Amino acid sequence: MTVTQTNLIQVIPVAGRIGAEIRGVKLTENIDNNILKEIKEALNQYKVLFFKGQTHLDDTSQEAFARLLGEPYAHPTVPVKDQTNFIFELDSEQGAKANHWHTDVTFVPEVPKYSILRGVTIPEYGGDTVWANTNTAYEELPESLKQLADQLWAVHTNEFDYARVPLANKNDDNKQLNNYRSVFESTIFKTKHPVVHVHEETGKKHLLLGGFVRHLEGFSTSESQKLFNILQDHVTRLENTVRWQWSEGDVVIWDNLATQHYAVADYNQHRVVRRVTVGKSVPVNIHKQESNLLQKK
């Protein structure tokens, strides 16, 4: 096992291109500023950080720690767990299974920067989450495909095409699931994002795709789908991914604009995770052109 000891924390890579476990840290709102700095540096390098055994955290203290990474980000359509805080609860019994590859909330121009997710109720087995590195996905593209991708724009929306994005139990008559969908789509957004954006913190190029993409601008439906599949397949290649097996009390922090993720819906037991999302950034392409809102209704 490779362990990197920085001045204050232990960093243990979990996969070759993305993800590291951080040891020797208790996440609190009073965390030492130097430790927080090293966590941020590790986050820029590894994109996803895993912290085991943070059982001392509750909703209030999770949010208090999260605020150290940025201002809480309110989801555009789905209400938070409690109006007094910014906890976004994903409860499998309420139909909340995000089992499609996506970057969070890309259907609006101001995309959230960081997510802090805590395992509350975890199945005995199953329910892992997988993350993908969207920078290495871009870097491994053939040069000619990079040049094409650099010029592309994609329209993202929360109005799901359920034929193309297979959510859990999409044909189920489950009222809770249908209610969740109706809330998620209570306001329909469409936003145009560059397919390749330059990361605000690192300056690296990343593919910005995932399940909220409806089509690529300037292409027919069939052409758009084929080109999307080629690029998206590079993101989700196993070499670009890391998979985490949850335990109660685990906390995962990820850079939303450097990754995609997928919650594996292979479990039948109750699963609850709670997320606080902080910060926001409008993606910018290599020509310094920003994403823009096309529709809100």
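Q: Let's start with two phenylalanines: are Phe-107 and Phe-212 buried or exposed?
A: Both Phe-107 and Phe-212 are buried. Keep in mind that this is a predicted model.

Q: Okay. How many aromatic pairs does the structure hold?
A: There are six aromatic pairs in the structure. In one of them, the ring centres of Phe-107 and Phe-212 are 5.2 Å apart and the planes stand at 75 degrees, so that pair is edge-to-face.

Q: Why edge-to-face for Phe-107 and Phe-212?
A: Because the planes are at 75 degrees, and anything over 60 counts as edge-to-face.

Q: And where in the chain do Phe-107 and Phe-212 sit?
A: In two loops. Phe-107 is in the loop between β5 (88-91) and β6 (111-121), while Phe-212 is in the loop between β11 (205-207) and β12 (213-216), so the pair ties together parts 105 residues apart in sequence.

Q: Which residues do ring pairs link into a cluster?
A: That would be Phe-50, Trp-131, Trp-244 and Trp-254.

Q: What lies over the face of Trp-153?
A: Lys-192 does, at 5.0 Å from the ring centre.

Q: Switching topic: where is Ser-224, and which residues does it touch?
A: Ser-224 is in helix α6 (residues 221-235). Setting aside residues up to four places away in sequence, Ser-224 touches His-215, Leu-216 and Phe-219. A polar atom of the Ser-224 side chain lies 2.7 Å from the backbone nitrogen of Leu-216.

Q: Does Ser-224 count as buried or exposed, and why?
A: Buried, because its relative accessibility is 3% and the cut-off for buried is under 20%.

Q: What about the largest nonpolar core, how many residues has it?
A: It has 26 residues, and Val-25, Leu-27, Ile-39, Leu-49 and Phe-51 have the most contacts inside it. Elements giving two or more residues to this core include α1 (33-46), β4 (48-51) and β16 (272-281). The most comes from α1, with six residues.

Q: Which residues is Phe-51 in contact with?
A: Leaving aside neighbours within four places in sequence, its contacts include Ile-22, Val-25, Leu-27, Ile-39 and Ile-253. There is also a second, separate core of 18 residues, with Val-196, Val-213, Leu-227 and Val-235 among them.

Q: Now zoom out: how many helices and strands are there, and what percentage of residues is buried?
A: The protein has six helices and 17 strands. Of its 297 residues, 54% are buried. The protein exposes about 13,500 Å², with 45% of that supplied by carbon and sulfur atoms.

Terms used:
Residues are numbered from 1 along each chain as its sequence is written. This is a predicted model: local features need pLDDT of at least 70, side-chain atom pairs count only at pLDDT 80 or more; totals for chains, interfaces and linings use all residues. Side-chain values use heavy atoms; hydrogens and water are left out. Rings of Phe, Tyr and Trp (its six-membered ring) pair if their centres lie within 6.5 Å; planes under 30 degrees apart count as stacked, over 60 as edge-to-face and the rest as tilted. Helices (H or I, at least four residues) and strands (E, at least two) are DSSP runs, numbered from the N terminus. Buried means under 20% relative accessible area, exposed over 50%, partly exposed in between (1.4 Å probe, protein chains only). A charge sits over a ring if NZ of Lys or CZ of Arg is within 6 Å of the ring centre and within 35 degrees of the ring normal. A polar contact is a pair of N or O atoms within 3.5 Å; within protein, one must be able to donate a hydrogen and the other to accept it, and residues adjacent in sequence count only if both atoms are side-chain atoms. Contact means heavy atoms within 4.5 Å. A nonpolar core is a set of buried Ala, Val, Leu, Ile, Met, Phe, Trp, Tyr and Cys residues joined through side-chain atoms within 4.5 Å. Accessible areas come from the Shrake-Rupley method with a 1.4 Å probe; for residues, only the protein chains shown count as cover.
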